[in-house]
Amino acid sequence: MHDIYDFVSGPMVWVSLIIFAAGCIYRFISMALLAKEKDPFLYNYMSPYHALRSIFHWLTPFGSENMRKNPVFTIVAFSFHICVVIAPLFLFAHIILIKQSWNVSWWFISDTMADIMTLIVIASCVFFLIRRIVRPEVKFLTSASDYIILAMVAAPFITGFWTYHQFAGCRIMGIIHILSGEILLAAIPFTRLSHMIFFPISRGYIGSEFGAIRHAKDW
Amino acid sequence: MAESVKNAAAEITDAGIVGGAAKLTPEKIEKVINNVLKAEGGARLKTYVDICAHCGLCSEACHFYLSHDNDPKFSPAGKVKQTVWEIIKKKGRVDVEFIKRASEIASTECNLCRRCVMYCPFGIDIAYLLLTVRRICHKLGITPQYIQDTAHSHSATANQMWVKEDEWIDSLMWQEDEARAEIPDLRIPLEKEGADIFYSVIGPEPKFRAQLIYQAAVIMHVAGMNWTMPATPGWDNSDMCMFTGDFEMMARLKKIHFESAARLKVKKIVMGECGHAFRSVHDVGNRALSWKMPPIPVIHAIEFYYELIRDGKIKIAKKFDKPVTFHDPCNTVRGRGLHEMGRYVANATCETLIEMHPNREHNYCCGAGGGVINCGPPYKMSRIDGDKIKAEQLAAVKAKGAQTIIAPCHNCHGGLEDLIHHHKLDMNIKFLGDIIYETMEKPE
Ligand code: HEM
Ligand code: SF4
Ligand code: SF4
Ligand code: SF4
């Protein structure tokens, strides 16, 4: 057990971080090169002002017509995304570990705050899951991969919560927590979660096309 | 899903799809699909398919979805799933029945109106994805028959309606004659080199609605414009090839159009009241010709009329006194943001403007656009059923008192007329040009 723990909390952390970082860079560059070759006009039409205008509108809660039409989804989606990024990055326990290994540290959130954020992520995943099952228009688009991705996102948060609160079997859970976090990180560049990398680009491009060429808003 | 595809495919009767499909083999389908995906479906297509969160948030944007009581098969991403995703998943190894249905979905169940693009959090351009399916179908030769016929006309005559060169000139001279009965010194200047304005229209104008050319000539004359129309092919700015996915022909058409204007050394091109033609000249065709922006400034009639009224070149004698509403054509709002200019003209010429809801960039498509009405009689009822929501929107604005719909787009007229007739709405539809002509000050 100890060996496994050492392995997942040692070399595996490196592996997953490298896959994540290198994967993101690889996906980004290969897409940029493909665009240069096949759709070079994308570069010509990118208009920084209109791109940022569009991104800004879509990163503002209720900044678009569709967000106003679906207020519950908007609140859940925004809370989810804020928590899914902030909680792991600013968790005290994570920062301690990083400080021990690399001697760098940064600002952190209180454990209560982290607990709340974790619960928000888990609850949001449950919301997304239920929505996927009960809303026909979402169900129609759903394939097994959507459930798998949702499970991959929820797993580190559920197990992290479990471990922190020392529920039964928290040692194994701790290992699963680390492992599932690593899997999630490594999966981001190669699954639909790569939307994290490409959101600014696809949004920015359509914002440019709508704004600069068509003089219309896109929100 | 496989089942629903089969059921629907069983009913396909369109001669173009059925006839084309008879010549297809799975090998050919696979080859063509992969050629298109490889040669043309670059970073955009791939990224759009990769990042789509399958969240369904685009659904409520689409009038087909709303009109079919939220049937997910008609949602934007739902249509992409039934076509693009499947094609990519199977690496092009799809059967003939599948591709027949894909042609129908892409050509007759999406107006390429781009409303959904405004509702997707990633800004995924679903219209582009479905147009890529049409492109594949074009290369496979299974485009619906009626629209393919207009594309053939474009190839043979450079206009949409098989209008011969002498017929075009005759129509203009005929309208000039008619208009001279009203304004004796009016001219429709043909081939006038160095004119300020090159005025181009769509094929159906000389064919079916020649009075629009008459009206435009009166407006040009009264406003004192230095304008011209070409006596050669290149007068038709419309483009069904853009909608069938025949991009080579689309580029040729736009080239003929721009070159006619360049030959006449005009300062700008003013286009008649058509939405898709404007899209093809201002936004799509220029790119196909590698011009970032059109090589000669292009403006839509809405903007042109706005300028004439704003600058006092046209004065209104007596405003139109029946309450009107304004239908924003997708291609002039999501395509050019002309909604406020349209309202400026409507307010300047009409006493009462009652807004329909949603409006401006968020207006619902008329159901005709994107070449859907051009797919002809086999798809007339599915088009009308697919835009029930538009009829409801019109009924609501009628209940508020609007009797006349102003729609500055030819296709919209076709689509709205069918909806009004089918739902017995008893409203009439006018172009901005109709209203201006009716209400403007004219020389005695
Ligand atoms: C940081 C940049 C990110 C941006 C801008 C972003 C943006 C989006 C957007 C626009 C959506 C579409 C639906 C919605 O509005 O929620 C979405 C969905 C989703 N995102 Fe993100 N995201 C980011 C990062 C992440 C990360 C890091 C994860 C997980 C580790 C994630 C997980 C998800 C999931 C699971 C969904 C699907 C929800 C569903 O099932 O409907 N996102 N994201
Ligand atoms: S482009 Fe218009 S018709 Fe086509 S899927 Fe989107 S909203 Fe529907
Ligand atoms: S809204 Fe966008 S991301 Fe969501 S299903 Fe539709 S196309 Fe995909
Ligand atoms: S015909 Fe009019 S409303 Fe319909 S798609 Fe074209 S511009 Fe839009």
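Helix axes here are lines fitted to C-alpha atoms over the stretch in contact, and the angle between two of them runs from 0 to 180 degrees between N-to-C directions. The structure is a predicted model.

**Two packed helices**

In this model, H6(A) and H8(A) pack with their axes 8 Å apart and at an angle of about 135°. Angles over 145 degrees would count as roughly antiparallel and those from 65 to 115 as roughly perpendicular, so H6(A) and H8(A) are oblique to each other. The crossing of H6(A) past H8(A) is left-handed. On the H6(A) side, the residues in contact include Phe73(A), Ala77(A), Phe80(A) and Val84(A); on the H8(A) side, they include Met117(A), Val121(A), Phe128(A) and Arg131(A). Sorted by class, this contact has 15 nonpolar, two polar and one charged residues.

**The surroundings of ligand 1**

Ligand 1 is surrounded by 13 residues, with Ala77(A), His81(A), Arg132(A), His195(A) and Phe122(B) the closest. The site is shared between chains, because residues from chains A and B surround ligand 1. In chain A, helices H6 (71-89), H8 (111-134) and H12 (195-213) each supply at least two residues of the shell. H6(A) gives the largest share, four residues. Ten residues of the shell are nonpolar, two are polar and one is charged.

Definitions and conventions: Residues are numbered from 1 along each chain as its sequence is written. Chains are lettered from A and ligands numbered from 1 in the order in which they are written. This is a predicted model: local features need pLDDT of at least 70, side-chain atom pairs count only at pLDDT 80 or more; totals for chains, interfaces and linings use all residues. Side-chain values use heavy atoms; hydrogens and water are left out. A residue is near a molecule or strand if one of its heavy atoms lies within 4 Å of it. Ala, Val, Leu, Ile, Met, Phe, Trp, Tyr, Cys and Pro count as nonpolar, Asp, Glu, Lys and Arg as charged, and the others, Gly among them, as polar. Angles under 35 degrees count as roughly parallel, over 145 as roughly antiparallel, 65 to 115 as roughly perpendicular and the rest as oblique. A crossing is left-handed if the near helix is turned anticlockwise from the far one by less than a right angle, and right-handed if clockwise. Contact means heavy atoms within 4.5 Å.
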